[in-house]
Every structure is written in C-alpha cells, then in structure tokens.
Amino acid sequence: MNSFLFRYSILFVLLITLGSWGEKAHRKINSSCVEYFPKELQQLKVWAPILAEHGSDADIRKKNDKNEFVKHFIDIDIFDEFNTSTKIEEDFDALCNKYGKAMVIKNGTLPWVTDSTYKALVLNFKHKNWEQAVLTAADLGHYVGDGFMPLHITVNYNGQLSDQTGIHRRYEETMIDKYIDEISFKTSCIDKVPDVKSTIFRNLYNNHSYVSTLLQADSRAYGQAGQQYDETYYESLWKETGLFTTRLLQESSRTLASFIYSAWLEAGKPEIPI
Ligand SMILES: [Zn+2]
C-alpha cells in the first residue's frame with residue numbers, strides 16, 4: 001500500500017471509529033430533552049422518537065461529506081490561551097486571525113457549528129417549517145451532546161498522547177452501551193438562554209475539566225484489571241466515571257431542551273400545529 005493510501009485508510013478508520021457518544025447515548029440525549037420542555041412546548045413532545053431516530057445523522061454524514069468531520073470536536077487545549085486562561089477567543093474570525101484559518105478548522109469547529117445549527121433552528125421556526133425543524137433540532141442535539149463528551153474537547157482525544165490509545169471508544173461506546181440502562185436523568189425547569197454562543201463555550205470550558213479525571217480513571221481501571229480491557233476494567237471505569245458521565249449526558253439533554261425553547265421564543269413563538 002502506498003503512503004497516500006495508507007494515510008487515507010487510517011483517516012477513514014478514524015472517521016468511522018471516533019464518532020461521538022455512541023448511537024445509544026445520542027438517542028437518549030435527544031429523546032429525553034422533551035421531558036424538560038415547558039408547558040408552551042408540550043405539543044412538541046411528539047418529536048421524541050424522531051429526535052432519537054435522527055440523533056446520529058450528523059455522524060452518518062461524515063461518510064459522504066468530508067467537511068462534516070471537523071464539526072464534531074474542538075481540540076480546545078491546542079490553543080495556548082486556553083491553557084493559561086481556560087478560555088479562548090470565541091469569535092471565529094478573530095481566532096482565525098490569531099492562529100490562521102486552516103489551523104482553527106483542522107482543530108475542530110464544534111462550538112460555531114452548534115451555534116449556526118441553533119440559528120438554523122430559529123429560521124425553521126420562523127418559517128414554520130416543522131418537518132425541517134425537528135431534523136435541525138436532532139442535529140443540534142448531536143452537536144450539543146458532542147460538546148459534553150470530554151474527549152471531543154481535547155487534543156489527546158484518543159489517549160494517544162498519554163499511552164492510553166483507544167480510550168475514546170472504550171468510554172463513549174463500549175462502556176456507555178454496557179451501562180445505558182443504569183443512566184437516568186432528573187428533570188428540572190429550563191429557561192430562555194440569554195446568549196447561546198457564550199453558553200456553548202462555557203459548557204466546553206466546564207466539560208474540559210473531565211478530560212484528566214477520565215484519563216486517570218482509565219489508568220486505574222486498566223491497572224485493576226491486570227492491564228487488560230476486560231469486564232473488570234469496564235466495571236471499574238463505570239464505577240469511577242458513571243456519576244459524572246450521567247451528569248454530562250443529562251446536561252446535554254437539558255441544554256438541548258433550553259436551546260429548542262430559546263429558538264422558538266426567538267422566532268416569535270410560532271403556533272405549534274396539533
Ligand atoms: Zn459527533
């Protein structure tokens with residue numbers, strides 16, 4: 001195999017395997033968001049199965065759209081300013097001016113894509129395009145969810161820099177799929193989000209703090225399992241990360257609900273068809 005083909009095939013494998021939360025987790029995030037809807041949105045509760053069904057459409061698009069891949073992550077700690085101030089320039093153009101557009105795009109555009117998907121939802125609501133609105137909301141849920149997956153916010157996204165290669169899939173898919181039935185969310189009230197973009201970034205900054213916690217849990221679980229990834233490893237990984245993982249998934253779902261509600265308000269509360 002020549003080097004071009006080899007590199008291409010590696011990229012392809014990464015595209016397919018480093019998805020986001022697994023399909024089950026995205027389903028849960030998306031379908032559960034309706035439980036947070038206020039009274040005014042009760043009629044949109046029927047969206048739940050459609051939001052679930054289309055929760056991973058964004059991942060599926062990666063196979064045919066080469067521009068989709070970078071929309072699912074941001075290696076936020078590659079930016080020097082993040083490591084000194086735990087935040088980055090949030091304006092896309094201003095960040096590109098600092099680091100170069102190619103560098104910014106290469107390291108992921110998740111926050112800006114989440115924001116533009118929110119804006120698309122506002123437009124769908126304004127035009128009362130309900131069929132498209134539910135699909136846009138499903139994509140919004142996907143991107144919001146990816147922003148709550150710690151390994152989608154770091155340059156060490158697969159543990160490759162800390163000798164823990166494979167943690168991405170072990171955590172987001174194998175572990176979650178094993179324990180999905182133990183994950184349940186508490187409902188609570190939601191409000192209009194005053195500034196969607198800054199909320200997206202604030203969540204990323206908060207969620208990044210789980211990167212090191214997760215990597216440490218992986219190391220300990222691997223040690224406890226006698227340096228293998230067997231049942232003991234997954235039991236231990238879940239024991240150490242289950243609580244915050246459940247909270248991250250729950251907050252994804254709650255944030256999605258508040259974004260859908262805010263988009264509907266911003267669109268002028270269009271009458272929802274029965
Ligand atoms: Zn994704």
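A residue counts as buried here if 20 or more other C-beta atoms lie within 10 Å of its own. Keep that in mind for these close-ups, which all come from a predicted model.

**View 1. Helix H8, end to end.** H8 covers residues 110-126, which makes 17 residues. From its first C-alpha to its last, H8 reaches 24 Å, close to the 24 Å expected at 1.5 Å a residue. Just past the end of H8 sits Lys-128, with a positive phi of about 50 degrees.

View 2. Among the buried ones you'll find Leu-110, Pro-111, Trp-112, Tyr-118, Leu-121 and Phe-125. What do the buried residues of H8 pack against? Four helices: H6 (92-99), H9 (130-147), H11 (196-208) and H13 (231-266).

**View 3. H12 crossing H13.** Helix H12 spans residues 210-224, and its axis comes within 6 Å of the axis of H13, crossing at roughly 160 degrees. Angles over 145 degrees count as roughly antiparallel, so that is how H12 runs relative to H13. The crossing is right-handed.

**View 4. Where H12 and H13 touch.** On the H12 side, the residues in contact include Tyr-210, Leu-214, Ala-217, Arg-220 and Ala-221. H13 meets them with a set that includes Tyr-233, Leu-237, Glu-240, Phe-244 and Leu-248. Sorted by type, the residues of this contact come out as nine nonpolar, five polar and three charged.

Key. Residues numbered from 1 in each chain as written. Predicted model: local features only at pLDDT ≥ 70, side-chain atom pairs only at ≥ 80, totals over all residues. Helix = DSSP H or I, 4+ residues; strand = E, 2+ residues; numbered from the N terminus. Expected span 1.5 Å × (residues − 1). Buried ≥ 20, exposed ≤ 12 C-beta atoms within 10 Å, placed from the backbone. Contact = placed C-beta atoms within 7 Å. Axes fitted to C-alpha atoms, helices over the stretch in contact; angles between N-to-C directions. Parallel < 35°, antiparallel > 145°, perpendicular 65-115°, else oblique. Left-handed = near helix turned anticlockwise from the far one by under 90°. Nonpolar A, V, L, I, M, F, W, Y, C, P; charged D, E, K, R; others polar.
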